[in-house]
Amino acid sequence: MRGNLITGSLLLIFSVVFWFGADAIPKSSLSGSVGADGLPKMLAIALGVLSAGFIAQTLLMMRAAPAAANAGREEKSGEFSLYLRAFGMIVIGVGYLVLVPYLGYMLTIGLLLLTVAIYNGKRPSAGLLLFAVLGSVAFYLLFVRILDVPLPAGFWPRLIG
Amino acid sequence: MEGLYYGWQAVTSMPVLLAAIGGVTWGILGGALPGISPSIAMALLLPFTYNLPPLVAVVLLAAVYVGAEYGGSIPAILIRTPGTNSAAATVIDGYEMQRQGRGGEALGLSLVGGTIGGLFGLILLSTLTEPLASLALYFTPPAYFALGILGISIIGSLSEGALLKGLIAGILGMMIATVGTDPISGVSRFTFGNPNLLEGIHFILVMLGIFAVAELMMQAGEDRWTEGTKPDAQSARLRLPSIATLWRLRRAQAIGCVLGAIEGAIPGGGGSVASFLSYNEARRWSKEPEKFGKGSEEGVIAPETANNVVSATAIVPTLSFGIPGSNSTAILLGGFLIHGLQPGPMLFTTNPEIVYGLFGGLFTANILMFLIGAVILGPCIWLVKRPKPYLMAAIFGLVVSGVYAIDHSLFDLGVVLGAGVVGFVMRKFGFPTLPLILGLVLGYMIESNYRRALLITNGDHMVFLQDGVSLGLLACAALIIGMSAIREIRRLRNPVNLEEAAAQ
């Protein structure tokens, strides 16, 4: 319930920010009666109205069932650690994003496979290492050789000369 | 005749055949993995379709959808865990048959029922799509604008009974669609000086993030995947039903066909609704209803027939009007749009080889599903038993690699990760994601037709009410939203229901 209230408030703020962002869109003489800012502004207003309605709905529900609204507070701390675990996957993805231009695709994808597997509960072992190595070779062959995708090579070409 | 010619060409074309084989195989394997829905399996392949010929690309995606509907029944029967939502009804009697040592029979019923359902759905798809699409020839820009609004309204109001959340998600999707260069005047919007955003945010990136990355985040935060008990090797051998058995089960199959056809064509319907409805109706009309829940063959074949009918009929509104009614058809629509193909009536005249070729490809895919399904059981069981961390790592690897294949840009990967966060937060807070995807995919169509209509009438908004089709569609949208709002208000006023809702 509280989550809904916070979400609704954030959406309302976002709608205001979006409206101002739309207002800053340059005007063009090529536009008709409704310019490039027309639909964005309408969407911002619609979102604002819906968010306000969502907040009102949540407040009504909280007033009608306050016991249920307060229930489960103890469970929230456990959920928070699950949220953090989930966002850890994004951190791993960002790490890949940062490293791949330097280390090259093959090495970085191997590190990604290794990291994701360990992060999700697999213990470090020779089998896991083999999975990461074979996986990186398989991905390299599939994407770089077969599909001809010019994935970053990193510093290796310069090193090899 | 022309349609038959294009269909035959597709059936006998090697690239289309390979796409169908690859799509069905990937679909069965992906569908067999709990947590990988048909839409995620399709989304993972989207970047690969970029460089494929248009027909091959859409057949590949559609074949994945077909294969996944069968694949989901494998773990449902063997380890009581549906691989896809549509296979949830199959668990009831399918797993019971497995416990009785008749798992192979259940798998055979699922495979044959699914093939029959898929072919029946294909007949409906090929006969209904063109007449419906020809209705859209009467559509003017105001009507197309209204159609887009109606599509989002329907999906928003059907989404898990949370009207406001569904509509908010749709609006957010349309907001994302405004990023980039304005299609009419050419000015840049919400690009913040970043040249990577000038072409807007590609819907593939958002789909990959919302479906695949968000699911990986959910998996990391929960223990939803089960490796389950080891399936008994003997009962895991596929046993195809005899003709006599199929004839005996004809009523259950017919129920699956009818309900699958209806639910598939309704936006927001889908395989899971169709399969449960079919299960219930098959039990109601069965001569042996007491057997349901105890290993009834009808309890397996009815839902499995239904969910494969849906895989074809769900494509009807997508092809006819360009309005997808489910996550999977939204991705299929994405496959069309990537290749510059706009589903609708014009597609039948400008690119008939694509439409009829798709029908031919789907025919091939359904036949291949039967053939491949008969032999792929072993690899499926092996895959289901793999440790979850390995599977998650492989899928994440596919996502980060596939994204780069689109535009060779690491910025796109950042967008996918951001969309993944959005998708995760939406799911955690109970916001449906399909309206957001629809808003994103339809946003351009809605805005361009809205402004085109106003350009024609010099800014007179009355055109949306003066055009009969537009007025009708907008009235339908208002009615749907109004009825959903009344339901929500009644729910709020009822104290008993309020506590249940507050506890959600």
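Leaving aside residues up to four places away in sequence, Q342(B) touches G322(B) and L347(B), where contact means C-beta atoms, placed from the backbone, within 7 Å. This is a predicted model, in which local features need pLDDT of at least 70, side-chain atom pairs count only at pLDDT 80 or more, and totals for chains, interfaces and linings use all residues. Residues are numbered from 1 along each chain as its sequence is written, and chains are lettered from A, ligands numbered from 1, in the order in which they are written.

You will find Q342(B) in the loop between α16 (327-338) and α17 (345-350) of chain B; helices here are DSSP runs of H or I with at least four residues, numbered from the N terminus. G322(B) is 20 residues away along the chain, with 7.0 Å between the two C-alpha atoms. Because 14 other C-beta atoms lie within 10 Å, Q342(B) is partly exposed (20 or more would be buried, 12 or fewer exposed).

Now turn to a helix pair. In chain B, α6 (residues 88-99) packs against α13 (residues 271-285) at about 40 degrees, with the axes 7 Å apart.

Note on methods: Helix = DSSP H or I, 4+ residues; strand = E, 2+ residues; numbered from the N terminus. Contact = placed C-beta atoms within 7 Å. Axes fitted to C-alpha atoms, helices over the stretch in contact; angles between N-to-C directions.
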